[in-house]
Amino acid sequence: MNTPCCLSCGNADLVSGTMQSTGTINFRPYDVKFMTFRTADIAVSARMCGKCGCITLNGNLEKLKLIQGTDSPEAVTASRSAP
Ligand SMILES: [Zn+2]
């Protein structure tokens with residue numbers, strides 16, 4: 001597994017954390033399935049470079065795959081062109 005490093009300067013001294021406002025910041029894909037038992041919001045984590053201050057964001061990849069998948073019994077495709 002590759003050691004994460006700063007996308008700006010290449011430094012490997014990254015500090016992990018979250019991005020915050022008055023609540024948790026989530027990523028929501030534009031074109032997602034309608035989920036009956038869970039939301040389409042994906043948790044976001046962050047790393048800040050200890051050398052230059054560059055901050056990078058990462059989304060929960062497993063949640064994205066779950067949202068995009070069609071094998072989940074509670075996933076129902078939301079139709080954009082209603083009859
Ligand atoms: Zn850096």
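Over which residues does pLDDT stay under 50? I found that stretch at residues 70–83, for which the model has 14 contacts beyond four places in sequence. I take pLDDT as the predictor's confidence in each residue, from 0 to 100, and I count two residues as in contact if their C-beta atoms, placed from the backbone, lie within 7 Å.

Ground rules. I am working with a predicted model, in which local features need pLDDT of at least 70 and side-chain atom pairs count only at pLDDT 80 or more, while totals for chains, interfaces and linings use all residues. I number residues from 1 along each chain as its sequence is written.

Confidence by element. I noted a mean pLDDT of 78 for the chain, with 76% of its residues reaching 70 or more. Confidence in the chain is lowest in strand β6 (residues 75–76), at a mean of 44, and highest in β5, at 92.

Overall layout. I counted one helix and six strands in the chain, and read along the sequence they follow the pattern β-β-β-β-β-α-β; helices (H or I, at least four residues) and strands (E, at least two) are DSSP runs, numbered from the N terminus. Of the 83 residues of the chain, 5% count as buried, where buried stands for 20 or more other C-beta atoms within 10 Å of a residue's own, exposed for 12 or fewer, and partly exposed for values in between, with C-beta atoms placed from the backbone. Among contacts between residues at least 6 apart in sequence, I found that 61% join residues at least 24 apart.

Pairings of β4. I then followed strand β4 (residues 42–49), which runs antiparallel to strand β5 (residues 55–59) and is joined to β5 by five bridges; two strands pair if DSSP finds at least two bridges between them. Methionine 48 stands opposite isoleucine 55 in β5. The two strands, β4 and β5, form a hairpin with five residues between them, and glycine 53 in the turn has a positive phi of about 90°. Strand β1 (residues 14–17) also pairs with β4 in the antiparallel sense, over four bridges, and here I saw serine 16 opposite arginine 47. The antiparallel pairing of β2 with β4 has two bridges, and phenylalanine 27 stands opposite isoleucine 42 in β4.

I looked next at arginine 28, in the loop between β2 (26–27) and β3 (34–35). Arginine 28 counts as exposed because it has 11 C-beta neighbours inside 10 Å. Leaving aside neighbours within four places in sequence, arginine 28 is in contact with Ala40, Asp41 and Ile42; from isoleucine 42 it is 14 residues away in sequence and 6.1 Å away in space, C-alpha to C-alpha.

Proline 29 lies in the loop between β2 and β3. I recorded proline 29 as partly exposed, because 13 C-beta neighbours fall inside 10 Å. With neighbours within four places in sequence set aside, proline 29 is in contact with Ala40 and Ile67, and the C-alpha atoms of proline 29 and alanine 40, eleven residues apart in sequence, are 7.5 Å apart in space.
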